[in-house]
Protein chains: 4
Amino acid sequence: MNLIYDKLINAKAFIFDVDGVMTTGQVLVTEEGMMLRSFNIKDGYAIQHAVKAGYPICIISGGKSSGITKRFEVLGVKDIYIGQSDKQAAYDEFKTKYNLADSDIIYMGDDMPDLPIMKQVGIACCPADAAVDILQVANYISPLNGGQGCVRDILEKTLKLQKLWMNDLSFTW
Amino acid sequence: MNLIYDKLINAKAFIFDVDGVMTTGQVLVTEEGMMLRSFNIKDGYAIQHAVKAGYPICIISGGKSSGITKRFEVLGVKDIYIGQSDKQAAYDEFKTKYNLADSDIIYMGDDMPDLPIMKQVGIACCPADAAVDILQVANYISPLNGGQGCVRDILEKTLKLQKLWMNDLSFTW
Amino acid sequence: MNLIYDKLINAKAFIFDVDGVMTTGQVLVTEEGMMLRSFNIKDGYAIQHAVKAGYPICIISGGKSSGITKRFEVLGVKDIYIGQSDKQAAYDEFKTKYNLADSDIIYMGDDMPDLPIMKQVGIACCPADAAVDILQVANYISPLNGGQGCVRDILEKTLKLQKLWMNDLSFTW
Amino acid sequence: MNLIYDKLINAKAFIFDVDGVMTTGQVLVTEEGMMLRSFNIKDGYAIQHAVKAGYPICIISGGKSSGITKRFEVLGVKDIYIGQSDKQAAYDEFKTKYNLADSDIIYMGDDMPDLPIMKQVGIACCPADAAVDILQVANYISPLNGGQGCVRDILEKTLKLQKLWMNDLSFTW
C-alpha cells in the first residue's frame with residue numbers, strides 16, 4: 001500500500017507557494033528595492049500542461065512583485081494571489097470557487113506561513129529543503145529542492161497516475 | 001565498439017534547445033515580465049569555435065526573448081529559431097537548407113517538446129538532468145547538467161573526434 | 001554540557017554581516033557598476049519574526065548599495081549600517097543604543113573585516129563556508145553556507161530555545 | 001619538497017582571466033544583449049588586500065562589458081584589459097610595464113584562449129572546473145571552482161607564504 005500514490009490519483013487541484021517552492025528561495029534585490037525571482041522552466045512546462053489538462057491551479061504568495069503575476073499568467077494560471085500575509089482567505093476562496101473539498105487539493109509549501117493550510121489540506125507536499133516544521137507535517141516530501149523541480153515532480157507524478165501526462169498536447173507549449 | 005563515438009565521428013551539424021540545455025533552466029523574471037537567461041561561457045567558446053570550423057549550428061527554442069537571439073548572434077550562429085511552440089517546422093527547414101539527413105544531425109534537448117525530434121534525429125543527446133521521458137530516448141546522456149557545460153561536452157567530444165578542436169583558431173575568440 | 005546552547009538561550013540581540021552571510025557572496029554587477037545581491041527568503045522570514053518578537057537586530061556591511069538598506073527595512077530592521085570599511089564604530093553604537101554587553105550579542109560574519117568583532121562579541125557565529133581565519137574563532141559554525149540559510153539557522157535555534165519561535169505571530173509575515 | 005609552494009613564495013604579480021575564474025562562467029544576458037556577471041566577494045576582499053600590499057594585479061578578459069572594468073577599478077586594480085580576443089599583447093605589455101619575468105607571474109585561466117600564456121608563465125593556475133586542456137598544463141589546480149573562491153585561494157595562499165596576509169590593513173576594506 002502506497003498511501004501517497006492513492007492520494008495523488010484522486011487529486012483534483014493544485015495550490016503552490018512561490019518563494020522556496022517555485023524558486024530556490026533567493027530574491028535578487030535591485031537598487032530600487034524591487035525583488036526579482038528566478039523560475040524553473042521544467043516546472044513551467046508542467047504547469048501549462050496541467051492547465052491545458054483542465055486542473056484548477058492556484059498560486060498563493062506573501063510576495064508582492066508583479067513579476068510573480070506575470071510569470072504565472074503566461075503559463076495560463078487563472079488564480080494568482082500575491083501579497084497574502086495570511087494565506088487562509090485565498091485558500092478558502094479558491095476552494096469555494098471550484099467547489100473543492102480539502103481532500104481534493106494538493107498544496108505545496110516550504111515555510112511557517114504555509115503551516116496552517118498544510119495541516120488542513122488533503123495532500124500536503126513540500127520540497128526537500130523545506131523548513132523543519134514543514135517537513136514534519138508533509139504527506140509527501142519531494143526529493144527535489146525548491147526551484148530545482150519539486151513542482152514539476154508533483155505535477156508529473158499526479159498527471160502520470162491520472163493518465164494525462166503523455167498525449168497530443170504534450171509536445172507543444 | 002562504442003556506438004556513440006561512431007555516430008559523433010560522422011556528425012555534420014548541431015541543433016540545440018535553449019532552456020535546460022544552454023541554461024540551468026532558471027529564468028529571471030523582471031517586474032515587466034521579461035525573462036532573462038544565464039548562459040555558460042565554456043559552451044559559448046565551443047559554439048563559436050564550431051562555427052569557425054564550418055559546422056551548421058541551429059538553435060530552436062520555445063522561448064521568445066530577444067536576449068536568446070542576441071546571445072547566439074554574437075557567437076556567429078546563423079540559424080536561430082525562437083518562439084517555436086512546435087519545433088518540427090524549424091527542424092525541417094534547417095535540414096533542407098543544409099541538405100542534411102536525420103542521421104547527420106546531433107540534437108540536444110531536455111524536455112517534452114524535444115521528444116518528437118529526438119526520436120527522429122540521428123544522434124539524440126541530453127543533459128544529465130533532462131526529464132525522465134527524454135533520458136529514455138537519448139543516444140548520449142552528457143554527465144553534465146543543463147547550463148553546466150553539457151553543450152561544451154558534446155561539441156568538444158565531436159570536434160576532437162573529427163580533429164577540429166585544437167588548431168590555429170583555438171586560442172582566439 | 002552544550003556550551004553554545006547555554007549561550008544562545010541567554011542571547012539578547014543579533015548582528016549580521018551581509019555579503020557571504022545573508023548572501024552566497026556573489027554580487028551581480030550591472031553595466032553601470034551597481035552591485036545587486038540575492039537574499040534568502042527563509043532568512044527573511046526569521047528576521048521579520050525576530051523583529052516582531054522584540055529583538056534588536058543590526059546589519060553591518062562594508063557594501064554601499066541602497067538595495068541592502070531597502071531589503072532590511074522591509075523586514076523591519078531598524079539598525080542598518082552600510083559602507084562601513086571598519087565595523088567597530090557601528091558595533092559600539094549599537095551596543096550603547098540598546099545597553100548591551102558583548103556577552104548578550106550574537107554576531108555572524110564570514111571574512112577578515114569581521115574578525116576583530118568576532119573576537120570581542122559573546123557569541124561569534126559563521127556560515128560553513130566562512131574564511132578559514134573566521135572558522136578558527138567562531139563559537140558556532142552553522143552547517144549551512146552563506147545565503148543558504150545560515151542566518152535562519154541561528155535565529156531559529158535561538159528563538160526555539162527561548163520559546164519565541166512558534167506562536168500566534170508565526171503564520172503571518 | 002613542495003614545488004608549488006616554492007613557486008608561490010617567490011611570486012611577484014598576478015594575472016587573472018575573468019569568465020570561469022572570477023565567475024562561475026555564467027553570464028546573464030539582458031533583452032538588449034548586455035552580459036552581466038556575478039563576482040565573488042571573498043575574491044574581492046583578497047584582490048583589494050593584495051593591491052594594498054603592493055602587488056601588480058592584472059585582468060585580461062575576452063569579454064567586453066564595462067561591468068568588468070567597473071568591478072575591478074573599485075578594488076584598486078590598475079591594469080584591466082577587456083575585449084582581448086588574443087591575450088598575448090596584454091600579457092607582454094603588463095610584463096614590460098612592471099619589469100617582470102615569466103617566472104615571477106601567477107596566471108589563472110580556465111579555457112583554451114588562456115592556454116598559450118599558461119604554457120609560458122612561471123606559475124600556471126586554474127580552477128577545479130577548468131577545461132581539460134587547461135587542467136593538463138596547470139602547475140596548481142585550486143580545489144575551488146571558478147567564481148567559488150579559486151582566486152581567493154591562490155591570493156590567500158601566496159600572501160600567507162609571503163607573510164603579507166594578516167596585518168593592520170587586514171580588517172578594513
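Across the interface of chain C and chain A in this predicted model, 13 residue pairs are in polar contact, both partners having pLDDT 80 or more. On the side of chain C that touches chain A, the elements giving two or more residues are β3 (35-40), α2 (41-52), α3 (66-74) and α7 (150-161). Of these, β3(C) supplies the largest share, with 6 residues. By residue type, this side of chain C divides into 11 nonpolar, 9 polar and 7 charged residues.

The strand β3(C) also takes part in pairing between the chains. Strand β2 (residues 26-29) of chain A runs antiparallel to β3(C), and 4 bridges join the two. Within this arrangement, A:Gln26 stands opposite C:Asn40 of β3(C).

Charged side chains contribute as well: the count between chain C and chain A is 3 salt bridges. One of them links C:Arg152 with A:Asp111, where the closest N and O atoms lie 2.7 Å apart.

The overall extent of the interface can be given in residues and in area. In terms of residues, 27 of chain C are in contact with 24 of chain A. In terms of area, the two chains bury about 2,200 Å² between them, and 57% of this is on carbon and sulfur atoms. On the side of chain C, the residues that lose the most area to chain A are C:Ile41, C:Lys42 and C:Phe171, which together account for 28% of what that side buries.

How values were computed:
Residues numbered from 1 in each chain as written. Chains lettered and ligands numbered in written order. Predicted model: local features only at pLDDT ≥ 70, side-chain atom pairs only at ≥ 80, totals over all residues. Heavy atoms only, no water. Contact = heavy atoms within 4.5 Å. Buried area = accessible area lost by both parts, 1.4 Å probe. Salt bridge = Lys/Arg side-chain N within 4 Å of Asp/Glu carboxyl O. Polar contact = N/O pair within 3.5 Å; in protein donor to acceptor, adjacent residues only side chain to side chain. Nonpolar A, V, L, I, M, F, W, Y, C, P; charged D, E, K, R; others polar. Pairing = 2+ DSSP bridges.
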